[in-house]
Amino acid sequence: MKIPLAQPYIGEEEIREVLSVLRTPTLSIGPKLDEFEKLVAQYVGAKHAIAVNSGTSALHLCIRSFNIADGDEVITTPFSFVASANCILFERAKPVFVDIDPDTLCIHPDKIEEMVTQRTKAILPVHVFGHPADMEAIKRIAGKYNLVVIEDACEAIGAEIKGRKAGTFGDAATFAFYPNKQITTGEGGVIVTDDDRVAELCRSMRSQGRASDGGWLYHERLGYNYRMPELSAALGVAQMRKLTKILAMRQRVADQYNERLKDIPGVQLPYQDRRVKMSWFVYVIRLAPHINREKIISSLTEAGIGCKPYFPAIHLQPFYVAEFGYKEGDFPITEEVASQTVALPFYTSMTGLEIDYVGTKLEEAIRTLS
Ligand SMILES: *Cc1c(COP(=O)(O)O)cnc(C)c1O
């Protein structure tokens with residue numbers, strides 16, 4: 001059996017939507033973009049949604065919108081996909097890492113305040129693997145020191161804290177739609193915000209710094225080409241219409257995994273705080289320290305099962321070490337977690353049979369290799 005690590009959930013509706021765009025001359029800056037943005041804004045409960053060509057672009061425009069620049073500090077997590085820290089470097093600001101909560105795997109709120117300095121401009125929490133960070137605590141600290149909060153919700157569309165959606169806690173938030181995310185636009189991202197100024201800036205900067213009422217060759221500020229094509233927006237429209245169903249199906253896959261893996265010795269299941277609603281992005285287990293993770297991963301890979309060590313710590317990536325001199329031991333919880341986690345195959349249409357196969361092979365590998 002061959003089981004991929006991830007795969008998108010695409011049906012006839014998506015194909016129809018994309019083809020309908022191809023039958024028009026408008027392949028960029030058209031009605032599907034507006035429709036997609038409205039669906040996202042409505043779903044999340046935000047005043048504005050601005051679609052762009054990737055989650056990374058979305059994060060970059062947030063950083064620029066809040067004038068985070070040379071020498072400013074942004075407090076964030078070292079346990080994430082690298083883009084959440086890179087977007088700070090794009091503007092020559094400094095990511096200031098804070099170690100994570102060993103349960104939620106998100107930035108530890110109790111360790112943030114001691115890292116605030118005169119230069120701190122913002123906090124950038126990440127809802128890791130679709131589990132929301134402690135936004136109440138983060139907002140309290142941000143309020144006390146007058147800091148901006150940029151919420152990286154790229155892995156967490158539909159997640160909730162006390163009934164309120166991820167992406168509505170920060171001054172701005174980002175979602176991402178690469179094909180391994182809960183829903184996809186091929187490549188793509190969205191910024192959501194209630195702030196009219198930020199929304200206008202993001203719209204301008206995604207399209208070469210044009211003014212909303214100016215001409216095509218009138219550039220009010222430095223901008224980029226971060227536009228989302230109509231084909232992607234059309235795919236996003238069809239995916240947004242299914243989002244509630246997709247999230248429920250992913251919850252079911254996670255429940256089935258939990259049931260199948262719960263008695264395997266040395267396997268720690270994903271944590272879920274009872275007070276939050278997860279949006280399942282990936283299914284990541286933690287192996288006990290005595291288990292050789294690399295051997296387990298090669299054994300599963302040989303059995304046709306896609307799996308990966310998720311995430312390697314950002315501060316130990318070569319160019320962070322080279323630029324900032326980070327070393328092992330700087331963020332011990334992140335490093336310990338990063339050395340033990342394995343992302344197993346996880347996607348919306350995953351069947352009970354496939355889950356059982358992964359469970360059986362994992363059980364075998366742990367029994368024979370440890
Ligand atoms: C996916 C992701 C992004 C954005 O990635 P893109 O590939 O640029 O869309 C940003 N932050 C996190 C935490 C992510 O998982």
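Which strand gives the largest share of the lining of the largest cavity? The answer is strand β12, residues 283–287, with three residues. The model is a predicted one.

## Looking for empty space

A rolling probe the size of a water molecule shows where space is left empty among the atoms. Here the search turns up one cavity of 30 Å³ or more.

## The largest cavity

The largest cavity holds about 180 Å³ of space. Its lining is made of 18 residues. Closest to the centre are Leu105, Phe129, Pro270, Tyr271 and Val284.

Sorted by class, 12 residues of this lining are nonpolar. Four are polar, and two are charged.

## The largest pocket

Now for the largest pocket. Its volume is about 460 Å³. The lining counts 25 residues, and the closest to the centre are Phe81, Tyr178, Asn180, Lys181 and Phe281.

Which helix gives the most to this lining? Helix α3 does, with three residues. Both α3 (55–65) and α4 (83–90) supply at least two residues each.

## In brief

Two spaces have been described. The largest cavity, about 180 Å³, takes three lining residues from strand β12. The largest pocket, about 460 Å³, takes three from helix α3.

How values were computed
Residues are numbered from 1 along each chain as its sequence is written. This is a predicted model: local features need pLDDT of at least 70, side-chain atom pairs count only at pLDDT 80 or more; totals for chains, interfaces and linings use all residues. Side-chain values use heavy atoms; hydrogens and water are left out. On a 1 Å grid over the protein atoms alone, a cavity is a set of points where a 1.4 Å probe fits but cannot get out, and a pocket is an open set with protein on both sides within 12 Å along at least five of seven lines; lining residues have an atom within 4 Å of a point. Grid points are joined across faces, edges and corners, and a volume is the space filled by probe spheres set on the points. Helices (H or I, at least four residues) and strands (E, at least two) are DSSP runs, numbered from the N terminus. Ala, Val, Leu, Ile, Met, Phe, Trp, Tyr, Cys and Pro count as nonpolar, Asp, Glu, Lys and Arg as charged, and the others, Gly among them, as polar.
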